[in-house]
Amino acid sequence: MASSSREQEAGGFLRSSLPSPPASSVSSPSAARPILLQPRSRPLRSGSSKESDFINHVEQKLLAISRRYENRFSATLSEEANPDVEGRGYTNIGEEVRDLDPVVDLIWISGTPSLQIAFLLTIALTVMTSLPSFPFMPRTTFQLLQKLDLMFASLLKGASAETGEPLPGSETGRSKLSTTEKVRMRGIVERTRIAVVEAAGKDESLADVSTVTQSRMTDTEDDFNMTTEDEDMDVVEDESSYRRWEMDIARVYERTIMELGMALDVADPGNDGWAP
């Protein structure tokens, strides 16, 4: 019952070198349908009961996801017969993304930069760590990475990367991230881009993704409102499809890279922002 109460409150505010991101895609207009949900108008008050309940709720969700990841590929026959059993290990990254996606949205809706930064960096690290553990699923992976990219870019700007409107708690249009947080974000972004390239290049990954998606994507399709046509987008069957995913690989965290470069240049004019 307490957990349900928290949910109500929380919802109430409710191949070794990497390709360079295509410059044209950064400046292209946003899609007609916004990716990011509208955050609450004001951040949660620090030290308030709502903030405490929100933190507890998100931490519980992330802990459950972590446990399912640790139990990956270890589902028993009885668990496979009942895929909704709590704690069942993940069998593909699509299942993990399905659990992470609503948590990412909830964090964004909180409109509280200090919590958004900390939790989203943790989730980005989780995704990066998970990529080598499962066969690569392009559409599912890029969908979440695009959302994280928009959120990070927005937090770095202090304004929505989609609409340009100031974020709650950043009415001055300035980022709330410390230099330490920016450096940590840079490391996660760089390593994730490498992890995506390596995951996509595995023999059992892109080459056999049609087999993976047909056998393992049933539950995930519904959660992401995938049609039969959309499902085909996660299947690499020919050279043109492979080239399409190569372009998406090049765009991983492209907005974040641009904003980080400018932010770190300001913090240290003598550094190009990307040197180790």
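Predicted model: local features only at pLDDT ≥ 70, side-chain atom pairs only at ≥ 80, totals over all residues.
**Glycine 158**

I started with glycine 158, which sits in the loop between H7 and H8. Helices here are DSSP runs of H or I with at least four residues, strands are runs of E with at least two, and the numbering goes from the N terminus. Is glycine 158 buried or exposed? It counts as buried, because its relative accessibility is 0%. (Buried means under 20% relative accessible area, exposed over 50%, and partly exposed in between, with a 1.4 Å probe and protein chains only.) I also looked up proline 168: it is 10 residues from glycine 158 along the chain, and their C-alpha atoms are separated by 8.6 Å.

**What I'm working with**

Residues are numbered from 1 along each chain as its sequence is written, and side-chain values use heavy atoms, with hydrogens and water left out.

**The whole chain**

I found 13 helices and 0 strands in the protein chain. Of its 276 residues, 45% count as buried. The accessible surface comes to about 14200 Å², and 49% of that belongs to carbon and sulfur atoms. (These areas come from the Shrake-Rupley method with a 1.4 Å probe; for residues, only the protein chains shown count as cover.)

**The core**

Next I went for the largest nonpolar core, which has 54 residues; Leu120, Ile123 and Leu148 touch the most other members. (Such a core is a set of buried Ala, Val, Leu, Ile, Met, Phe, Trp, Tyr and Cys residues joined through side-chain atoms within 4.5 Å.) Helices that each supply at least two residues of this core include H3 (49-70), H6 (113-130) and H7 (138-157).

Which residues does leucine 148 contact, leaving aside neighbours within four places in sequence? I got Val104, Leu120, Ile123, Ala124, Val127 and Tyr253. Contact means heavy atoms within 4.5 Å.

**Tyrosine 253**

That list sent me to tyrosine 253, in the loop between helix H12 (239-250) and helix H13 (254-267). Tyrosine 253 counts as buried because its relative accessibility is 1%. Beyond four places in sequence, its contacts include Phe152, Val189 and Thr192. Threonine 192 is 61 residues away in sequence, yet the C-alpha atoms are 8.7 Å apart in space. Most residues other than glycine have a negative phi.

**Aspartate 105**

Aspartate 105 lies in helix H5 and counts as buried, because its relative accessibility is 14%. Not counting residues up to four places away in sequence, aspartate 105 touches Leu37, Lys147 and Met151.
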